[in-house]
Amino acid sequence: MTLAPPGPGAEEDPAPDHDAASASATATATAVPASLGTKVRSAARWSLINTVVMRLGNFATGIILARYVLGPAAWGVYGMAQTVLLVLLSANELGVGLAIVRWDGDPRRFAPTVLTLSTLSSSLLYAVLFAVAPAVAGLLGTPSAAGVLRVMCLCVVLDGLSQVPAGFLTREFAQGRRMVIDAVNFALSTGITLALAFRGWGPMSFAWGSVAGNVAALIGCCLAAPGTLRFGWNAEQARALLRFGLPLAGASLLALGVVNVDTMVVGATLGKVELGFYVLAFNMSGWPVRIISEAARRVSFAGFSRLADSPQALAAGFSRALGVLVTGTVPLCVLLAGLAAPVVQLVYGSEWLPAARALPWLMALGLVRIGCELSYDCLVACGQRRLLIIAQGVWLGALIPVLIVAARTRGIVGVSEGHVLVAAGIVVPVFLLGLHRGGIGPAAVARACAWPFLGGAVMAAGIWGLEHALGTGRPALLAVAAAVTLAYLVCVLPSRGFLLGRPARPGRHRAAARPLPTPVDR
């Protein structure tokens with residue numbers, strides 16, 4: 001099954017002889033998956049280490065800033081600027097950067113055209129934002145964010161420039177080199193942010209820190225993938241790239257709108273102080289999503305793309321990947337949801353306790369997002385871009401009125417509840433339909449989620465019972481967390497073979513191996 005056009009300008013081999021092709025496929029049937037599996041596993045390990053280290057660093061930095069420097073209002077201004085930046089980044093290169101990862105052939109043949117397109121589009125986006133920044137900030141309830149927007153969104157241009165070298169690193173599963181780049185980015189951006197924040201720069205400290213870190217990341221990507229930052233132009237390639245990328249850019253823009261429209265609604269409806277509480281809760285809910293899901297997504301699209309021509313291999317790979325993600329995420333989500341208030345008070349202080357009201361619902365949303373993001377990558381790999389646009393459009397269209405009503409009636413708690421209602425009730429069924437059309441049935445999804453969900457239910461019951469019995473002091477919190485985590489591990493133990501990709505023991509399928517009482521070869 002052809003899922004995407006070959007790279008523009010790539011040479012096309014004449015049709016091979018059928019018998020020769022069959023023999024070649026038979027000879028390499030085991031070698032290719034084994035080589036790919038080794039690359040994916042190595043990249044996934046490096047990506048997970050990278051993500052965990054970076055997110056723990058960001059977590060520690062956020063605690064310092066929230067406790068000692070920035071209050072809820074300043075945090076709200078930063079949250080609004082970050083939201084606008086993320087929305088712009090979702091479509092700044094028109095989706096053509098993914099061609100470096102997905103298209104067949106030598107990507108260096110069309111990489112210069114990709115770089116030219118992504119740089120032009122990101123520069124144009126920034127110019128428009130610079131002009132309308134005061135109006136956007138005022139419309140979203142944070143007029144003081146205009147200057148922060150203009151500085152922070154310089155990252156859009158830097159991201160456009162880095163699309164090609166970063167794409168080469170992703171294509172080659174070079175997550176070890178990516179970890180070094182991200183470490184330099186983090187060290188520089190965090191150091192500048194903290195230095196400026198303690199000097200009284202407020203939310204602007206985030207903006208200049210982000211710009212400095214992205215400059216370092218661009219330089220690092222160019223050094224790690226030498227010779228890839230070359231501009232060029234080929235009109236035929238550009239048309240093919242836009243046909244491939246624009247639907248993905250549209251879907252990505254809608255997806256980022258889904259994730260960030262709540263910030264805009266809260267800012268415009270409830271003001272920057274409530275926005276600060278909501279942004280903090282949303283960031284906390286993103287801890288497991290970012291640590292686990294982001295690590296997986298750095299390799300999932302490339303991995304699914306290599307498996308897309310084999311529906312059985314794609315279904316097996318998706319099911320196992322979903323199982324690993326859900327198994328690793330459920331305990332984090334349940335712990336943060338069940339112990340929301342004591343954790344917020346312990347980590348950030350009593351000033352931030354209002355954020356705990358929204359956290360349980362946002363943790364449920366984070367779990368849904370993990371499944372949807374992995375499904376998104378899989379559906380892109382198997383060519384269902386139109387369905388993705390429809391799904392994201394339905395999601396955003398249903399979300400906006402629900403969140404507006406919820407914010408006016410129940411504040412940030414209502415916004416969190418509305419998010420979960422729309423995601424679980426409308427969007428998950430659409431993604432399940434798309435996966436089914438791609439050859440991944442409900443049974444594969446259920447197999448991946450059954451044991452983790454059972455373990456999560458046991459954890460939730462344990463937290464409720466033990467918290468009432470032991471209280472919420474620090475020793476009690478540690479005891480509760482340890483006890484319910486142990487219970488979870490016991491619950492998911494039966495799925496360890498599936499998660500590790502071990503073949504089933506022959507004895508377990510002995511009956512299936514017996515000759516059937518029929519002469520028909522089934």
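Mentor: Beyond its neighbours within four places in sequence, Thr 263 is in contact with Gly 79, Met 80, Thr 83, Leu 275 and Val 279, contact meaning heavy atoms within 4.5 Å. This is a predicted model, in which local features need pLDDT of at least 70 and side-chain atom pairs count only at pLDDT 80 or more, while totals for chains, interfaces and linings use all residues. Residues are numbered from 1 along each chain as its sequence is written, and side-chain values use heavy atoms, with hydrogens and water left out.

Thr 263 lies in helix α10, residues 235–270; helices (H or I, at least four residues) and strands (E, at least two) are DSSP runs numbered from the N terminus. With a relative accessibility of 8%, Thr 263 counts as buried, the term for under 20% relative accessible area with a 1.4 Å probe, protein chains only. The side chain of Thr 263 also makes a polar contact of 3.5 Å with that of Asp 262. Such a contact is a pair of N or O atoms within 3.5 Å; within protein, one must be able to donate a hydrogen and the other to accept it, and residues adjacent in sequence count only if both atoms are side-chain atoms.

As for the whole protein chain, there are 19 helices and zero strands. Of its 522 residues, 51% count as buried. Among contacts in the protein chain with a separation of 6 or more, 85% come from residues 24 or more positions apart.

Terms used. Buried < 20%, exposed > 50% of the residue type's maximum accessible area, 1.4 Å probe, protein only.
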